[in-house]
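Biologist: Could you put the model up on the screen, so that we can go through it together?
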Amino acid sequence: MLIEVVTLFPEMIREALRHGIVGRAQERSLLRVGTCDPRAYTSDVHRTVDDRPYGGGPGMVMKPEPLCAAIRAARARLPAGSLTVAFSAQGERLEQARVRALAANNALVLVAGRYEGMDERVLETEVDLELSIGDYVLSGGELPALVLIDALARLLPGALGDERSAQQESFSDGLLDWPHFTRPEEYAGRRVPPVLLSGDHAAIDRWRLKQALGRTWLRRRELLAGVTLDAQRAALLQEFLQEREQEDDT
Ligand code: 9D3
């Protein structure tokens, strides 16, 4: 997958992507991320990329010409027809289903805004899709672009280095994770659930699925609307809730 990020802070993008799974995906050439800085497409001595908003008010707006030139230069480095995605607080909320859909593209231009935003005409003429990562105020689109790149990289075949993802997906897709434990067996006066030490893999799978269902019910009930609870899962959730009531009584 080829990605070009249009940004006034190219170092912020490059630095962040050196680490972990995304860094390894780039080393393995599963992913290549380039950057394109609108400041390189200015012609005035001050290399101006922003200007005051028409109509007045606080803050500055990204000027259309250098931003647009950078987007076009980024696009020219990629195969024809690449999708252009801009990050703004006005965009549609990014969710895993959208990440999966975007992972089907072999090239993307990601546009990270700064200041109060980009001139609306650039969004209208150059951008296919506007995305937000959630309802909180950030300083620009770089972290959102990095969030998308991270989520995309994990879906590239070979990026995780094992088949874990596919296996886990069929088992607990759409649910929260079960609790994880590692050594020591007792920590802070709390023991690891005995079933995890039993070596009974069927019982362990059953316990994990039960915990995943129970935690999803307790913490993110709305997620259960998106998964089908077959008879076995419904029974496991009932078991979880009954065990929890018994714990509350003791
Ligand atoms: C007048 C109010 N503005 C500042 C408080 C609104 C505003 C402008 C620019 C709010 C945020 C930003 C910069 N944010 C992004 O570029 C952004 C973002 C975000 O802030 N939250 C979640 N997702 C995204 S994607 C891009």
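Modeller: The domain assignment, which is automatic or taken from a database, gives domain 1 (2–153) and domain 2 (170–249) for the chain. This is a predicted model, so local features need pLDDT of at least 70 and side-chain atom pairs count only at pLDDT 80 or more, while totals for chains, interfaces and linings use all residues. Residues are numbered from 1 along each chain as its sequence is written, and side-chain values use heavy atoms, with hydrogens and water left out.

Biologist: What separates the centres of domain 1 and domain 2?
Modeller: The two centres, taken over C-alpha atoms, are 39 Å apart.

Biologist: Switching to the ligand, which residues come nearest?
Modeller: Of the 16 residues around the ligand, the nearest are Glu116, Ile133, Gly134, Tyr136 and Leu138, where a residue counts as near if one of its heavy atoms lies within 4 Å of the molecule.

Biologist: And which polar backbone atoms does a nitrogen atom of the ligand come to?
Modeller: A ligand nitrogen is 2.8 Å from a polar backbone atom of Tyr136, and a ligand nitrogen is 3.1 Å from one of Ile133; a polar contact is a pair of N or O atoms within 3.5 Å, and within protein one must be able to donate a hydrogen and the other to accept it, with residues adjacent in sequence counting only if both atoms are side-chain atoms.

Biologist: What about the side chain of Glu116?
Modeller: An N or O atom in the Glu116 side chain is 2.9 Å from a nitrogen atom of the ligand.
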